[in-house]
Amino acid sequence: MVTDTNPIAMTAVTSVGAAGMPRHHLAIFAALFVFLIAAPFLLYPIFVMKVLCFALFACAFNLLLGYGGLLSFGHAAYFGMASYVSAHAAKVWGLTPELAIIAGTLVAAVLGLAIGSLAIRRHGIYFAMVTLAFAQMVYFFSLQAAFTGGEDGIQAVPRGYLFGLIDLRSNELLYFFVLAIFFAGILLIYRIIHSPFGQVLKAIRENEPRAISLGYRVNRYKLTVFVLSAALAGVAGATKAIVFQLASLTDVYWTMSGEVVLMTLLGGMGTVFGPIVGAAVIVTMQNYLATFGDWVTIAQGTIFVVAVLLFREGVVGILAKWIGKPL
């Protein structure tokens, strides 16, 4: 039987709650839910929605890197292309927001299938460079394609009516829609991680030749997790386009891929809640230090260097070591 090779996961004795989920995980999910329910009344709703979108993006990337062991430098391609398709579908085709988001997600999944089918043929740094090369191709396509608006992007995207009934022009109503998408996404990721499929992914991550010798079709598992990660990144990008009523080249530029790597490593690669923390930290810095201009990038770089040197497991990874339980 394939099990998680993480020392914390192997040594920790955790009590199990409903649906087989460890009770400390249930408590964290419950606390996070309560906090996010109250968040729009304490903080600016648009800011919190941005955090949620990027947290889901980081969790999707962590599924590929933290559990599949595949470092992609091109995840902005799925995030950005889903953003463009969602914005175009809502503005030009007149689709309702949920259908626009589904359209963006499907395009991201198809793009992930096409790129992943070729990228998984390579390993290590070659895999990373292939994903970056394809992402740059998507960027230049987005720059030249007519429907993307080029350097202007797609602006004034209508938020529309959810299911044709609920007016999402209200920030409060839109917030709870985004919150539902976020929780659905992270719970799906949680289920994937703790399923038999997720256990095989961890085995491939730790020792691919051994997984092959056990009879697993490794490339199928890699491609599946690649597509799942791309689709979930697409959900985040499509939702972000509805929230900000904008899709731009920033969404598909290579720096977006770098940011999601930073979020994941800062919060804790291979942890459930680490990418959420990492995304919250990075988005908060970008928001509240925006007046310092390019110094924000320097601050992010400094934090990344400190994180790599002092706590390579990330914030949540270090916390998990302290309490002796997987997070």
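Buried here means under 20% relative accessible area, exposed means over 50%, and partly exposed is whatever falls in between, using a 1.4 Å probe and protein chains only. The model is a predicted one, so local features need pLDDT of at least 70 and side-chain atom pairs count only at pLDDT 80 or more, while totals for chains, interfaces and linings use all residues. Residues are numbered from 1 along each chain as its sequence is written, and side-chain values use heavy atoms, with hydrogens and water left out.

Gln-245 has a positive phi of about 55° although it is not a glycine. Gln-245 sits in the loop between H10 and strand S4 (246-247), where helices (H or I, at least four residues) and strands (E, at least two) are DSSP runs numbered from the N terminus. With 32% relative accessibility, Gln-245 counts as partly exposed. Ala-156, also not a glycine, has a positive phi of about 55°. Ala-156 belongs to the loop between strand S1 (154-155) and strand S2 (161-162), and at 59% relative accessibility it counts as exposed.

On to helix packing. Two packed helices are described by the angle between their axes and the distance between the axes. Axes are lines fitted to C-alpha atoms, for helices over the stretch in contact, with angles running from 0 to 180 degrees between N-to-C directions. Angles under 35 degrees count as roughly parallel, over 145 as roughly antiparallel, 65 to 115 as roughly perpendicular, and the rest as oblique.

For helix H4 (residues 76-91) and helix H10 (residues 218-244), the axes come within 7 Å and cross at roughly 45°. H4 and H10 are therefore oblique to each other. Contact, taken as heavy atoms within 4.5 Å, brings Tyr-78, Phe-79, Ala-82, Ser-83, Ser-86, Ala-87 and Ala-90 of H4 up against H10 residues including Phe-226, Ala-230, Gly-234, Lys-240 and Ile-242. By class, this contact of H4 with H10 has 12 nonpolar, four polar and one charged residues. In that scheme Ala, Val, Leu, Ile, Met, Phe, Trp, Tyr, Cys and Pro count as nonpolar, Asp, Glu, Lys and Arg as charged, and the others, Gly among them, as polar.

Val-218 is also found in helix H10. At 5% relative accessibility, Val-218 counts as buried. Setting aside neighbours within four places in sequence, Val-218 is in contact with Ile-204, Glu-208, Ala-211 and Ile-212. Ala-114, 104 residues from Val-218 in sequence, is 18 Å from it in space, C-alpha to C-alpha. Helix H8 (residues 196-206) has Gly-198, Gln-199, Val-200, Leu-201, Lys-202, Ala-203 and Ile-204 as its buried residues. Those buried residues of H8 pack against helix H3 (45-67), helix H7 (171-193), helix H9 (208-213) and H10.

H3 also meets H11: the two axes come within 9 Å and cross at roughly 80°. That makes H3 roughly perpendicular to H11. Phe-54, Phe-57, Ala-58, Phe-61 and Asn-62 of H3 make the contact with Met-256, Val-260, Val-261, Met-263 and Thr-264 of H11. The residues involved split into eight nonpolar, two polar and no charged.

Helix H11 (residues 254-267) has another partner in helix H14 (residues 314-323), with axes that come within 3 Å and cross at roughly 15°. H11 and H14 are therefore roughly parallel to each other. Here Leu-265, Leu-266 and Gly-267 of H11 meet Gly-314, Val-315, Val-316 and Gly-317 of H14, a set of four nonpolar, three polar and no charged residues. H14 has Gly-314, Val-316, Gly-317, Ile-318 and Ala-320 as its buried residues. Val-316 comes in at 5% relative accessibility, and its contacts, leaving aside neighbours within four places in sequence, are Gly-267, Thr-271, Phe-273, Gly-274, Val-277 and Leu-327.
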